[in-house]
Amino acid sequence: CITCAEHTFRVPAGGSCDCPSGTTENSIGECVDDVTGCTFNEYSIELDLGNGNIGYDCRPCDKSCKTCSGPGPNNCDECWEFESDIIELKQKANS
């Protein structure tokens, strides 16, 4: 299983991979927020689509952030700290 977004997947008893509550697996195997459609290392901007409709635009977190709530390094909820995190970041950048 891939590990990532509180995290990308979790491994419950029984060994199967499931997305955390409040997320759904997309077509490329990432868990995305059920409301915004953003992955763990993106933050959302609310968009007014008119007629009372709201949409979301997902934007990448700062490169120093593992998770974030907005742009820039001051909005990190969780930072890349360990070598395994940095390896994971590099793998995501190369995919």
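Let's start with the salt bridge. Asp57 pairs with Arg59, and their closest N and O atoms are 2.8 Å apart. How many salt bridges does a search of the whole structure find? One. Asp57 is partly exposed, at 27% relative accessible area. Arg59 is partly exposed too, at 35%. Please keep in mind that this is a predicted model.

Now the overall layout. The chain has six strands and one helix. Read from the N terminus, the order is β-β-β-β-β-β-α. There are 95 residues, and 28% of them count as buried. The accessible surface comes to about 6300 Å². Carbon and sulfur atoms hold 49% of that surface. Residues 24 or more positions apart account for 16% of them.

Next, the cysteines. The count is three disulfides. As a reminder, a disulfide is a covalent bond between the sulfur atoms of two cysteines. I'll take them one by one.

First on my list, Cys38 and Cys58. Their sulfur atoms sit 2.1 Å apart, and they form a disulfide. The angle about the S-S bond is -95 degrees, and the link is left-handed. What does this pair tie together? Cys38 lies in the loop between strand S2, residues 31-33, and strand S3, residues 42-50. Cys58 lies in strand S4, residues 53-60. So the bond ties together parts that are 20 residues apart in sequence. Is Cys38 buried or exposed? Buried, with a relative accessible area of 5%. Cys58 counts as partly exposed, at 24%.

Next, Cys61 and Cys68. This disulfide has its sulfur atoms 2.1 Å apart. The torsion about the S-S bond is about -85 degrees, so this disulfide is left-handed. Cys61 is buried, with a relative accessible area of 12%. Cys68 is buried as well, at 9%.

Then Cys65 and Cys76. A disulfide joins them, with an S to S distance of 1.9 Å. With -80 degrees about the S-S bond, the link is left-handed. Cys65 is in strand S5, residues 65-68, and Cys76 is in strand S6, residues 76-79, so the pair ties together parts that are 11 residues apart in sequence. Cys65 is buried, with a relative accessible area of 2%.

That brings me to Cys79. The cut-off for a disulfide here is 2.5 Å. Cys79 counts as partly exposed, at 36% relative accessibility.

Which residues make up the largest nonpolar core? Tyr43, Cys61, Cys65, Cys68 and Cys76, five residues in all. In soluble globular proteins, nonpolar side chains tend to be buried together. Look at Cys76 in particular. Setting aside residues up to four places away in sequence, Cys76 touches Ser64, Cys65, Thr67 and Cys68. Cys65 on that list is the disulfide partner of Cys76.

Two more residues to look at on the screen. Start with Ser44, in strand S3. Ser44 is partly exposed, with a relative accessible area of 32%. What does Ser44 contact, leaving aside neighbours within four places in sequence? Thr36, Cys38, Tyr56 and Asp57. Cys38 is bonded to Cys58 in a disulfide. Asp57 forms the salt bridge with Arg59. As for Tyr56, that residue is 12 residues from Ser44 along the chain, and the two C-alpha atoms are separated by 6.0 Å.

Last, Asn41. Where is Asn41 found? In the loop between S2 and S3. The loop between those strands also holds Cys38. Asn41 is buried, with a relative accessible area of 18%. The Asn41 side chain makes a polar contact of 2.9 Å with the side chain of Thr39.

Methods
Residues are numbered from 1 along each chain as its sequence is written. This is a predicted model: local features need pLDDT of at least 70, side-chain atom pairs count only at pLDDT 80 or more; totals for chains, interfaces and linings use all residues. Side-chain values use heavy atoms; hydrogens and water are left out. Helices (H or I, at least four residues) and strands (E, at least two) are DSSP runs, numbered from the N terminus. Buried means under 20% relative accessible area, exposed over 50%, partly exposed in between (1.4 Å probe, protein chains only). A salt bridge is a side-chain nitrogen of Lys or Arg within 4 Å of a carboxyl oxygen of Asp or Glu. A nonpolar core is a set of buried Ala, Val, Leu, Ile, Met, Phe, Trp, Tyr and Cys residues joined through side-chain atoms within 4.5 Å. Contact means heavy atoms within 4.5 Å. A polar contact is a pair of N or O atoms within 3.5 Å; within protein, one must be able to donate a hydrogen and the other to accept it, and residues adjacent in sequence count only if both atoms are side-chain atoms. Accessible areas come from the Shrake-Rupley method with a 1.4 Å probe; for residues, only the protein chains shown count as cover.
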